[in-house]
Amino acid sequence: MTTTAPGPGRSPTRERPAPPRRRPLTLRRRESRAGLALVAPTLLVTIAVIGIPIVWTVVLAFQRVRLATLRKTGLFGEFTMDNIDRVLHTPGFAETLWVTLIYSIGGTVGSIVLGLVAALVVRRPFRGRTLVRASMLLPYVAPVVAVTFVWQVMLDPQLGIVNAWGQRLLGWDAPVPFLTQESTALATVIVFEAWRYFPFAFLFLLARLQAVPGELEEAARVDGATPTQRFRHILLPQLLPVIALLGVLRFIMTFNKFDDVYLLTGGAAGTEVVSVRVYEFLTARTDIGAAAAQAVVLAVVLIVFVLIYLRFFGRRVS
Amino acid sequence: MDRDVVETVSLRWLRRLVIAVFLVITVFPFYYMLVLSVRPIERLLLDPGALVVGFGELTVATYAEVLKATDDGGQGFLTFIRNSGLVAVAATVLTLLVAIPGAYAVARLRFFGRRQVDFLFLAVYLFPSIVIAIPLFVVFTRAGLRGSLFGLVLVYISQTLPVSVYMLKNYFETIPVSLEESAAIDGAGRLGIIRRVSLPLAMPSIMAVALYDFMIAWNEFLFALLFLVDKPNRWTVSLGLSLLADGVEVPKTVLMAGSVVLTLPIVILFFASERLLTEGLTSGAEKG
């Protein structure tokens, strides 16, 4: 078997002289055919349920489409820049983008820091470790609707436990409406985000920590490095690539997040993120064109941020 | 005392403390959910800070209200559970059927365009689902599929497929090629190798992916909201619960009972398969 990859079009032409039926396929070509045959269904379904919708959103962003006129508009009707224009000039656009950015960065940093601390403390075996590790994953696997409700009830000014205890033990003068007042809503949502997604960072960091060879730390200990020095000079450099990767993954996912904010605050009190706004355009205003334009803007901004990030941390991430 | 001893001792205590704090912040909300779901609302209003349920005030009326059919004055969650279960199982099975061959091909077989396909799967995984939601909303409205559970299954495949391919691919890559080669020398064809060697070896990982897909589909909210909101008898548990909160005069304790009903299947599944899941989720993560 040759080791160089055959060019796509070259090998068939080279073999053309022989009658195609008689000559047995090389192992390599059989492998290539099997690969294409196996990947085809996956690829087709992916293109059908994800690829086409993405392209279609871009098309819709440049068309005048409303839910009421939906049945009449064709796929390639008139194209217009109205939607983009409207989206960029509707009041609150810049603020939404800013809120989304703060929310994404806050949620990303919070979840990674919490995840790192969690991974460091359960790294070495202790009694009940499996149970502790499993419990730490609960926020991540539990249904979003249920956990947002519990948070809402816990933070409720009248019957929430946080305010009850805050007033009784910490001497708060009045109950704090965490999720409905401008000064605390965004911060609360960010804390929720960090709480819900730190298990994701925790899992990745723990897996990486356990792959750090024991001799490295042992050698540092023999050389007289204290625990914090060992963390700073041995563990942290080993973890940095994973942290950089988590940074980009969590940022993308938080930037796109809809459920958490929608369920916690409905986008009120200065927490309207872009995807909640897209949803509002889509359902409340039934303006499909504007919703699509808003979504396209979301995707473009996201791609720009990721590219900037990769420029700075690219070597680490790959 | 030298610095090493000070640090070692204080970190030992700090570590215990931090573990305790983490346990509290992760488990407490779920405990609180459970406690509230079995307390009468009047008692809650009187004493919102209580953490234990007195024997006298224990009630399961909240669960009865949540689970009973709407005709009997309840909230009809039994129907929602059936809907959610059907959709999640169907989406999981279909996703696996499509994802396994593709993941295997990308992991193992050299074919034209393999790297591009690999990149595509990762890119769609990271794409905003709200971007996909708009055209699906349009198509489903036009095709009359809005309000159909089958349509929802199709949409859920778009949510579970990329991550499934990604996880399975990472696992297939860890199976030693030599095992497959020896099967090939023994005369097995490609499909025979997959069926007799690769699939049995990948079974734990496939189970982990299946559980993960099931959880995604069971927990999903946005698409259920977009597509099913007009058809109350098709609601999933997540959707039913979120809309229950909009209804007037539904006590918070009933909401918490609904949350427990929504969360319990996932928590049971999770604890039953914790090892499988944590290892499956990060398989391949060591490569960084």
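Okay, so let's start with the contact between the chains: 83 residues come from chain B and 79 residues from chain A. By contact I mean two residues whose C-beta atoms, placed from the backbone, lie within 7 Å. On the side of chain B that touches chain A, the top contributor is helix α1, residues 3-37, with 18 residues. Helices here are DSSP runs of H or I of at least four residues, strands are E runs of at least two, and both are numbered from the N terminus. That side of chain B splits into 57 nonpolar, 15 polar and eleven charged residues. Nonpolar is Ala, Val, Leu, Ile, Met, Phe, Trp, Tyr, Cys and Pro, charged is Asp, Glu, Lys and Arg, and polar is the others, Gly among them.

Some housekeeping. This is a predicted model, where local features need pLDDT of at least 70 and side-chain atom pairs count only at pLDDT 80 or more, while totals for chains, interfaces and linings use all residues. Residues are numbered from 1 along each chain as its sequence is written, and chains are lettered from A, ligands numbered from 1, in the order in which they are written.

Now, domains. Chain B has domain 1 (3-67) and domain 2 (76-287), with bounds from an automatic or database domain assignment. Their centres, taken over C-alpha atoms, are 31 Å apart. Where they touch, 13 residues of domain 1 of chain B meet twelve of domain 2 of chain B. Which helix gives the most on the domain 1 side? That's α3(B), with five residues. The domain 1 side as a whole is nine nonpolar, two polar and two charged.

Next, a helix pair in chain B. The axes of α8 (residues 177-185) and α9 (residues 190-219) come within 10 Å and cross at roughly 140°. Axes are lines fitted to C-alpha atoms, for helices over the stretch in contact, with angles from 0 to 180 degrees between N-to-C directions. So α8(B) and α9(B) are oblique to each other; under 35 degrees would be roughly parallel, over 145 roughly antiparallel, 65 to 115 roughly perpendicular, and oblique is the rest. From α8(B) the contact uses L179(B), E180(B), A183(B) and A184(B), and from α9(B) I193(B), R196(B), V197(B) and S198(B).

In the model, residues 84-107 of chain B are 100% helix, with end C-alpha atoms 32 Å apart. Residues 253-272 of chain B are also 100% helix, with ends 28 Å apart by C-alpha.
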